[in-house]
Amino acid sequence: MRRLRFVMIMVLVLSISLAACSKITDNNDNTNTEPAIFEAEIIETGDRLLVAPDEDSSEYKSSDKISVGLLETEFFDDKGEKVSSDIFKPGDRIKIYYNGIIAESYPAQISADKIELIGQNQ
């Protein structure tokens, strides 16, 4: 009886371990080179941008506010010309390109590859 219980517990532990490993492998699949893209409104500017993603975006399901890291980000104005991050102001509408990874904190966190201005707050 003890041996049977031990075997059943080991089978359960092994199956949980294998399930966890397969999930990790799926999350680290880097074969998709397409960036994730969403539109948002800027709430605050600085070393990072604090944005409110559009409610119909999948990013909004993670958080109603996202802190956007700008370390290696390229910035473009509404004409497609490369600019500095200084042109972005609270209330502006932007399109954010990133690798699809969202740190589930509050606010959520991402690192942007590219940000395009799509509408300026007047």
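Begin by selecting glutamate 39, which is partly exposed because its relative accessible area is 30%, where buried means under 20% relative accessible area, exposed over 50% and partly exposed in between, with a 1.4 Å probe and protein chains only. This is a predicted model, in which local features need pLDDT of at least 70 and side-chain atom pairs count only at pLDDT 80 or more, while totals for chains, interfaces and linings use all residues. Residues are numbered from 1 along each chain as its sequence is written, and side-chain values use heavy atoms, with hydrogens and water left out.

Because arginine 93 lies in strand β6 and glutamate 39 in strand β1, the pair ties together parts that are 54 residues apart in sequence. Helices (H or I, at least four residues) and strands (E, at least two) are DSSP runs, numbered from the N terminus. Arginine 93 itself counts as partly exposed, at 25% relative accessibility.

Next select aspartate 54, whose side chain meets that of arginine 93 in a salt bridge (2.9 Å, N to O). Aspartate 54 is in the loop between β2 and α2 (58-62), and the pair links parts of the chain 39 residues apart.

Move on to glutamate 74 and lysine 82, whose side chains also meet in a salt bridge (2.9 Å, N to O). Shared partners join Glu39, Asp54 and Arg93 into one network of salt bridges, and a search of the whole structure finds five salt bridges.

Now turn to the largest nonpolar core, which has 20 residues, with Val51, Val68, Ile94, Ile96 and Ile115 having the most contacts inside it; such a core is a set of buried Ala, Val, Leu, Ile, Met, Phe, Trp, Tyr and Cys residues joined through side-chain atoms within 4.5 Å. Strands β1 (36-44), β2 (48-53), β3 (66-69), β6 (93-98) and β7 (108-119) each supply at least two residues of this core, and the largest share, five residues, comes from β7. Centre on valine 68, which touches residues including Arg48, Leu49, Ile110 and Ala112, not counting residues up to four places away in sequence, where contact means heavy atoms within 4.5 Å.

Finish at phenylalanine 6 in helix α1 (residues 2-27), which counts as exposed because its relative accessibility is 53%.

Technical notes: A salt bridge is a side-chain nitrogen of Lys or Arg within 4 Å of a carboxyl oxygen of Asp or Glu.
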